[in-house]
Amino acid sequence: MAATLLSALLVEILIPVAALIGMVFALIQWFLVSRVSVGGGQASINNGYDQSLLDDEEGYDDAEAVALCAEIQNAISEGAESFLITEYQYLGIFMAVFSVFIFLFLGSVGGFSTKWVSCKANPSELCAPPLANALFSTVAFILGALTSTLSGYLGMKIATYANARTTLEARKGVGEAFIVAFRAGSVMGFLLAANGLIVLFIAIVLFKLYYGNDWTGLYESIAGYGLGGSSVALFGRVGGGIYTKAADVGADLVGKVERNIPEDDPRNPAVIADNVGDNVGDIAGMGADLFGSFAESSCAALVVSSISSFGADRDFVAMSFPLLISSAGIVVCLITTIFATDLFVIKSVKEIEPSLKRQLVISTVLMTLAIAAVCYLALPSTFTINVVGHQPKVVKNWKLFFCVGSGLWAGLIIGYTTEYFTSNAYQPVRDVADSCRTGAATNVIFGLALGYKSVIIPVLAIAVAIFLSFSLAAMYGIAVAALGMLSTLATGLAIDAYGPISDNAGGIAEMAGMPHKVRERTDALDAAGNTTAAIGKGFAIGSAALVSLALFGAFVSRAGIAVVDVIQPKEFVGLIVGAMLPYWFSAMTMKSVGKAALAMVEEVRRQFNTIPGLMEGTVKPDYKRCVKISTDASLREMIPPGALVMLTPLIVGTLFGSSTLAGLLAGALVSGVQVVLGIMQKSISRQVHRIMLAALVQRVLMHIRLL
């Protein structure tokens, strides 16, 4: 096999340097956001604007509003931090128990032997003992869990740090507010990408000191890193999702529908819990989710390549190809961010959404060039990939360019398709809004139809990426295609985090009694944020599909399964049961949301009915009580769905064998992609609400003119 152009020493320098660049850039963005003061006085950042703060509303006291913003921000931050700390305590217990289980399960396979054994691939060489594999896999699992936890926590901290600052900057203009929100989102994106990369790289380097030439054992133990990240992501996403939906339903149903008060009216007892939910669900949960996908795709690529010519030839540069792709992605995303914050400054509302979409295009184009460079420099001209049950596949390095690129561009297609089906600027959402004229029944029918229709193009994009990648480089091609979709992770997370930050900014503006113009500006940011949040979910779903298939490939390769024959009864039963699992999981989470929302609704009604002066605004509601209800309910209800996902493969594999488990995983993968793509109704419904509100305002203005 031909040598690579990069040396191993240079790779060992480039990867940590790229991670450090990402961390430093994140800290710079944090510093710029911090220059907006919430302690009183005027904000110091104007980014070229020279606009005075708003003071044109009668009875408006700017100093008092700033103080209220600080108070509300502290309440949201305390609520979010309290929830996450409590959640992580629960997760800590689970991770401790599961770590022991992993150690015992893997160690028992080899009888807890401490002797080096002959390698299966090359009996003349010695491989690490089973006990060492169990220990290092457990350590990698803990590292992945801790990194995922840190990613979610840091995302929550910067989001709650920036929400009031976005509100205060909106007094001067929508451009200033956009920059603060986007920079805050960038902090989360770059910290997550950089932390995930540097921890994985350090783990590989340290594990390599023990494993030596046993690269198969080394990278199999590293796979625990992805498992740890995805485990925390599962519970973080479920727990945060239950929290935010329960608070959202409770606040909207009683406040907006029954009491006819604005969405973020300070008289609503659930309004703080609602804003907390945006941070623990859409920020911390999404951050952990995408980190899990990144960790899993990296580990899947490493495991598959370790049993191919890369591992056999001990080619550290080629083995590090997945990490080099992620390293290049950090640099590309850094350049892309500068376009949004410095080169093309937002000056009007209509420029917000195009600016965010421009980020996707710029990052994709630049990353395509970076992929070509990495493939040329870090891969030998020809190499082989092992395929279970077949002859090894001979692959040219240019084929990996198309594998990674197919995932990258499929992500862009999914993002734009999601934006088309969830933005109020296009016909699909307008049709759903129009259906509301005849009642809720037609609205539900049109909304479900739109949700199901939105599945078509993303699934076709994923299918094309899978077919092309597998044809060119077998399962390794699919693993790096998933990495391609996640290569612009920092930009994708920045865009996704921007939405909840803007949403919180609007809520703070309402609760602090800011002028109506401020709320209009934050609403414009929030409207774009709803769409971009859906784009982020589209990326998460698409990457999860590719990652799941890559992990499935790693599983069948390690288990020696050449064919999954669905005609056989065991495989077919596994397929059917696996296809049912996403529905079972969805039913459990929806029921959990319903129970938590019911408790929230009852509490909000109780406070409205029993606290004198609450509706008049002379008495503050008990916000903490509603926060506690959402916290307790989400933590209690996240365990059963999480246990279903974690335990089902173990039980099926133990009782019915690897062939049935392969069918189960295949069924869950195919069914799960369709389910999650088809029910992204939140963004659609919120955009419908905005269209109807705009139409109502236009009608009122028309009547005023006629009078």
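Here are a few numbered notes on this structure, which is a predicted model.

1. Start with confidence. The average pLDDT of the protein is 83, and 90% of the residues score at least 70.

2. Two stretches deserve a careful eye. Over residues 41–59 the pLDDT stays under 50, and the model gives this stretch 42 contacts beyond four places in sequence. The other stretch is residues 681–707, also with pLDDT below 50. Here the model has 39 contacts beyond near neighbours in sequence.

3. Now for the inside. The largest nonpolar core contains 194 residues. Phe178, Ile222, Ile272, Phe321, Ile352, Leu400 and Tyr476 are the ones with the most contacts inside this core. Helix H4 (residues 174–211) supplies the largest share of the core, 23 residues. A separate core of five residues lies apart from it, including Leu581, Leu644, Val652 and Leu661.

4. Even so, H19 has a kink of about 35° at Leu647, shortly before the proline Pro649. Its buried residues are Pro641, Gly642, Leu644, Met646, Thr648 and Val652; of these, Leu644 and Val652 belong to the five-residue core. Just after the helix, Gly657 has a positive phi of about 95°.

5. Finally, check some backbone angles. Most residues other than glycine have a negative phi. Asn260 is not a glycine, yet its phi is positive, about 55°. You will find Asn260 in the loop between helix H5 (215–258) and helix H6 (271–306). Is Asn260 buried or exposed? Its relative accessibility is 67%, so Asn260 counts as exposed.

6. Ala474 also has a positive phi, near 55°, and is likewise a residue other than glycine. Ala474 sits in helix H14 (residues 456–486). With a relative accessibility of 4%, Ala474 counts as buried, because the cut-off for buried is under 20%.

Note on methods: Residues numbered from 1 in each chain as written. Predicted model: local features only at pLDDT ≥ 70, side-chain atom pairs only at ≥ 80, totals over all residues. Heavy atoms only, no water. Core = buried A, V, L, I, M, F, W, Y, C linked by side-chain atoms within 4.5 Å. Buried < 20%, exposed > 50% of the residue type's maximum accessible area, 1.4 Å probe, protein only. Helix = DSSP H or I, 4+ residues; strand = E, 2+ residues; numbered from the N terminus. pLDDT = per-residue confidence, 0-100. Contact = heavy atoms within 4.5 Å. Bend = angle between axes of the 7 residues up to and from the residue.
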